[in-house]
Amino acid sequence: TAAAEAGHPDANFNSGMIYWEGDGGPKDMKKALKFLTAAAEAGQPDANCNLGLMYWEGDGVPKDPKKALKFFTAEADAGHPAANFNLGQMYWEGDG
């Protein structure tokens with residue numbers, strides 16, 4: 001996590017995913033949110049998409065479809081395939 005702490009977007013994303021999934025240790029949603037947010041703020045597209053999932057599902061954060069919509073829309077507009085899929089699912093399920 002030294003690279004993540006130094007602000008490298010992909011390292012922040014990878015660290016966030018490790019904490020989110022509990023890969024190699026216990027899940028820590030606060031750390032996952034911290035690292036994924038830093039990655040998203042640095043423009044890492046997968047981080048935005050995963051933050052959207054966190055807020056849509058209420059996984060480690062309060063469920064907030066409006067925030068999820070914001071994250072998915074930003075990445076869908078940039079052509080991110082998973083964000084487009086998730087955005088479509090939100091509309092399909094009436095959450096968008």
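The model is predicted: local features need pLDDT of at least 70, side-chain atom pairs need pLDDT 80 or more, and totals for chains, interfaces and linings use all residues. Residues are numbered from 1 along each chain as its sequence is written, and side-chain values use heavy atoms, without hydrogens and water.

Select helix H2, residues 9–21. Helices here are DSSP runs (H or I, at least four residues), numbered from the N terminus. H2 spans 18 Å from first C-alpha to last. Colour its buried residues (under 20% relative accessible area, 1.4 Å probe, protein chains only): among them are Phe13, Met17 and Trp20. Their cover includes helices H1 (2–5), H3 (29–41) and H4 (45–57). Step on to Gly22, which follows H2 and has a positive phi near 70°.

Next, the rings. Phe, Tyr and Trp (six-membered ring) pair if their centres lie within 6.5 Å; planes under 30 degrees apart count as stacked. The count is three aromatic pairs. Pick Tyr19 and Phe35: stacked, 5.8 Å centre to centre, 5° between planes. Tyr19 is in H2 and Phe35 in H3, so the pair ties together parts 16 residues apart in sequence. Phe35 is buried at 4% relative accessible area.

Now pick Tyr55 and Phe71. Their centres are 6.0 Å apart and their planes at 15°, so this pair is stacked. Tyr55 lies in H4 and Phe71 in H5 (residues 65–77).

Finish at Asn48, in H4. Asn48 is buried at 11% relative accessibility. Leaving aside neighbours within four places in sequence, Asn48 contacts (heavy atoms within 4.5 Å) Ala40, Phe71 and Glu75.

How values were computed: Helices (H or I, at least four residues) and strands (E, at least two) are DSSP runs, numbered from the N terminus. The expected span of a helix is 1.5 Å times one less than its number of residues. Buried means under 20% relative accessible area, exposed over 50%, partly exposed in between (1.4 Å probe, protein chains only). Rings of Phe, Tyr and Trp (its six-membered ring) pair if their centres lie within 6.5 Å; planes under 30 degrees apart count as stacked, over 60 as edge-to-face and the rest as tilted.
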